[in-house]
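I opened a new notebook page for this structure. Below are my entries, in the order I looked things up.

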Amino acid sequence: MRLTVFNGSPRGRGSNTRAMLEHLLKGFDTVPGNSHEILYLKRVQETERLVQAFAEAESVLLAFPLYTDSMPGLAKAFIEALAPLCGREHNPPLAFMVQCGFPESAHCRYVERYLQKLARRLGSRYVGTIVKGGCEGVRLMPERMNRKLFARLEGIGRTLGQDGRLDPEQLRRLARPERYPAWSMPVFTLLIKTGLLSSYWDRQLKENGVYEQRFAQPYH
Amino acid sequence: MRITILNGNPDAGNQAFDDYLRQLAAALQGQHDVAILDLRELDIHYCTGCFGCWVKRPGQCVVQDESARVCRAAVQSDFLLLASPLIMGFVSALLKKTNDKMLPLIHPYFAVDQGEAHHRARYERYPLLGLLLDKGPDSDDEDVVITTEIYQRTALNMKSRLAWAGLTQEPVQEVAHAIDRL
């Protein structure tokens, strides 16, 4: 099987989406005869070529980070460019991957419904959506911190490569935590108060010399 | 109320949508202070996910485009109406890219809200949100529901709530009354 992958991250090659895809595709490519190609939606000036690649694809994976609760603007622009393909016969089967910076995967479930409908709109077989929260730091973390995540993605990729489907149990395991139980919220609130969860931002604010301006309200 | 309407119609040829918004603004004017921002006329770049608005220039996009006008109008309004035709079952890429560029309005730090992680507010108050969609021939009720539910989430992340949602298939006067009653 040949998989055409569209990376919808505005960060392109430097994205968490790409770091995750790398491991998913490693699993996919373990199946003899499988191959893939990755195209970047941030190259908006090449939309025509991207749509052409979609139209000719054997199967498609569209991956993006969650931007204000759905797809980034440039990924929506690509989806709009696919409109002429609606109602055409033999559109490729469609799989999706959505990742977000929020720690829980639940944030991505609303756009998942949209993607399911999008496949139907295009007359494509809906293969499924890979969802994962807590991904903002993936590209920056040491390899060992991501070991479990990457192993799971590789497993999901292998199943996709072998059977052309996504395994619900593998997806469920990857998505954990789907949401945090109510009892853990006071713990989370406490963690916020300690400033531990802010250190990622504070370090950058300080490096840029704007830590004292972090609560600025320029549009007040 | 101070009301800002974000016109997410990307197609200057779709005059009917623009006309609807003009009529709506006229119906609300008098009682309210209404302004329309035609997004397709503004120079708004795609968000690149650089987080510069959080860590380099807190509260402002590092790319100095006209999204700053949208951010300012949002913070200074009581009601922000997001208006768009449904295209491929969702709001236009034009409106979506504009929403992406409103990230400077919130703060990077986490906060717990409704039992979930969200971001902390940057401002003391935010406008109530509204969503006005044109269903058009290529969309159905399911598209409206999916889009509305996503914008309920967007409102939650903008420290607000989706106070009203409706369709341009409804008469202008009825929509104006509904907004008037908020």
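**Entry 1: a helix pair across two chains**

I began with handedness: α4(A) and α5(B) cross in a left-handed way. The model is a predicted one, and I keep that in mind throughout. Next I looked up the geometry of this pair.

Which residues make the contact of α4(A) with α5(B)? On the α4(A) side I listed Tyr110(A), Val111(A), Arg113(A), Tyr114(A), Lys117(A), Arg120(A) and Arg121(A). On the α5(B) side I listed Glu142(B), Asp143(B), Val145(B), Ile146(B), Glu149(B), Ile150(B) and Arg153(B). I then sorted them by class: six are nonpolar, eight are charged and none is polar.

**Entry 2: a helix pair within chain A**

I turned to α1 (residues 16–29) and α5 (residues 147–163), both of chain A. Their axes come within 6 Å and cross at roughly 45°. α1(A) and α5(A) are therefore oblique to each other. The crossing of α1(A) with α5(A) is right-handed.

From α1(A), the contact residues include Ala19(A), Met20(A), His23(A) and Leu24(A). From α5(A), they include Phe150(A), Leu153(A), Glu154(A) and Ile156(A). By class I noted eight nonpolar, four polar and three charged residues in this contact.

**Entry 3: a serine in a loop**

I looked up Ser70(A). It lies in the loop of chain A between β3 (59–65) and α3 (73–81). Is Ser70(A) buried or exposed? Its relative accessible area is 0%, so Ser70(A) is buried.

Leaving out residues up to four places away in sequence, I found Ser70(A) touching Phe64(A), Pro65(A) and Val111(A) among its contacts. Phe90(B), Lys96(B) and Ile150(B) of chain B are also touched by Ser70(A). Two of these names were already on my page: Val111(A) and Ile150(B) belong to the contact of α4(A) with α5(B).

**Entry 4: cysteines**

How many disulfides does the whole structure hold? My search over all chains found zero. Cys100(A) is in no disulfide, and the nearest cysteine sulfur, that of Cys108(A), is 3.6 Å away. Cys53(B) is in no disulfide either; the nearest cysteine sulfur belongs to Cys61(B), 6.4 Å away.

I also checked burial. Cys100(A) is buried at a relative accessible area of 1%. Cys53(B) is buried too, at 9%.

Key
Residues numbered from 1 in each chain as written. Chains lettered and ligands numbered in written order. Predicted model: local features only at pLDDT ≥ 70, side-chain atom pairs only at ≥ 80, totals over all residues. Heavy atoms only, no water. Helix = DSSP H or I, 4+ residues; strand = E, 2+ residues; numbered from the N terminus. Buried < 20%, exposed > 50% of the residue type's maximum accessible area, 1.4 Å probe, protein only. Contact = heavy atoms within 4.5 Å. Disulfide = S-S within 2.5 Å. Left-handed = near helix turned anticlockwise from the far one by under 90°. Nonpolar A, V, L, I, M, F, W, Y, C, P; charged D, E, K, R; others polar. Axes fitted to C-alpha atoms, helices over the stretch in contact; angles between N-to-C directions. Parallel < 35°, antiparallel > 145°, perpendicular 65-115°, else oblique.
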